[in-house]
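Subject: Structure handover

Hello,

Here is the structure I promised you. Please open it first, then read my notes below.

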Amino acid sequence: MTDTTVLELVSPSALLKSEPVEMVVVPGTDGNFGVLPKHSPMISTIRPGVIDIYAGGKVSERIFVAGGVAEVNPERCTILAEEAVPVSDIKADEAQARLETAQADLKAATTAHDKANAERALEVARAQIAALSN
């Protein structure tokens with residue numbers, strides 16, 4: 001049997017995945033990183049992007065995450081995601097509407113707090129649209 005590592009993907013509302021995988025590629029803040037069985041322990045923040053889950057030597061599933069934290073140890077990769085949705089469930093028109101709303105919110109922002117929130121929403125919306133085109 002091929003060595004595997006356990007992927008646990010948790011969103012604020014539920015445990016979305018808990019299963020053995022060959023490899024998972026995570027969009028870390030400092031760049032993508034791959035997690036294989038027996039990976040060295042690490043913790044990383046996650047930028048908006050796509051988690052690629054591998055089975056049979058190829059990507060078997062792609063999940064969009066809006067950000068979060070990943071904890072890796074030799075047995076598992078635990079991802080605490082702010083938001084997670086399979087890329088196949090993202091609708092292009094809804095992603096475009098999300099982008100337009102974020103752009104409008106950024107233009108309307110009057111405080112530093114509102115501007116920061118709008119910039120973050122814009123980053124997530126752009127990453128979601130990019131996920132659809134890859």
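What percentage of the 134 residues of the protein chain count as buried? The figure is 36%. Buried means under 20% relative accessible area, exposed means over 50%, and partly exposed lies in between (1.4 Å probe, protein chains only).

Two notes before you start. This is a predicted model, so local features need pLDDT of at least 70 and side-chain atom pairs count only at pLDDT 80 or more, while totals for chains, interfaces and linings use all residues. Residues are numbered from 1 along each chain as its sequence is written, and side-chain values use heavy atoms, with hydrogens and water left out.

Overall layout

The protein chain has two helices and ten strands. Helices (H or I, at least four residues) and strands (E, at least two) are DSSP runs, numbered from the N terminus. Along the sequence the pattern reads β-β-β-β-β-β-β-β-β-β-α-α. The C-alpha trace spans about 55 × 30 × 25 Å along its principal axes. Contact means heavy atoms within 4.5 Å. Among contacts between residues at least 6 apart in sequence, 51% join residues at least 24 apart.

The strand part

UniProt (unreviewed entry) places "domain: ATP synthase F1 complex delta/epsilon subunit N-terminal" at residues 7-84. UniProt positions use the numbering used here, feature names are shortened, and annotations may be inferred rather than shown by experiment. In the model, residues 7-84 are 0% helix and 69% strand. The end C-alpha atoms of that span lie 14 Å apart.

Next, the cores. A nonpolar core is a set of buried Ala, Val, Leu, Ile, Met, Phe, Trp, Tyr and Cys residues joined through side-chain atoms within 4.5 Å. The largest one has 18 residues. Leu9, Val24, Val26, Cys77 and Ile79 have the most contacts inside it. At least two residues of this core come from each of several strands, including β1 (5-10), β3 (23-28) and β9 (76-81). β9 gives the largest share, three residues. Leaving aside neighbours within four places in sequence, Val26 is in contact with Gly31, Asn32, Phe33, Ile46, Ala70, Cys77 and Ile79. A second, separate core has ten residues, among them Val50, Val85, Val87 and Ile90.

Two residues to look up

Ser44 sits in strand β5 (residues 42-46). Ser44 counts as buried because its relative accessibility is 15%. Not counting residues up to four places away in sequence, Ser44 touches Gly28, Thr29, Phe33, Gly68, Val69 and Ala70.

Asn73 lies in the loop between β8 and β9. Its relative accessible area is 23%, so Asn73 is partly exposed. Asn73 and Pro41 are 32 residues apart along the chain, yet their C-alpha atoms are separated by 4.2 Å. Beyond four places in sequence, Asn73 is in contact with His39 and Pro41.

The helices

UniProt (unreviewed entry) lists a "coiled-coil region" at residues 92-119. That span is 89% helix and 0% strand in the model, with its end C-alpha atoms 20 Å apart.

How do α1 and α2 pack? The axes of α1 (residues 92-108) and α2 (residues 112-133) come within 8 Å and cross at roughly 155°. Axes are lines fitted to C-alpha atoms, for helices over the stretch in contact, and angles run from 0 to 180 degrees between N-to-C directions. So α1 is roughly antiparallel to α2 (over 145 degrees counts as roughly antiparallel). Residues making the contact include Leu99 and Leu106 of α1, and Leu122 and Ile129 of α2.

Best wishes

Terms used: Parallel < 35°, antiparallel > 145°, perpendicular 65-115°, else oblique.
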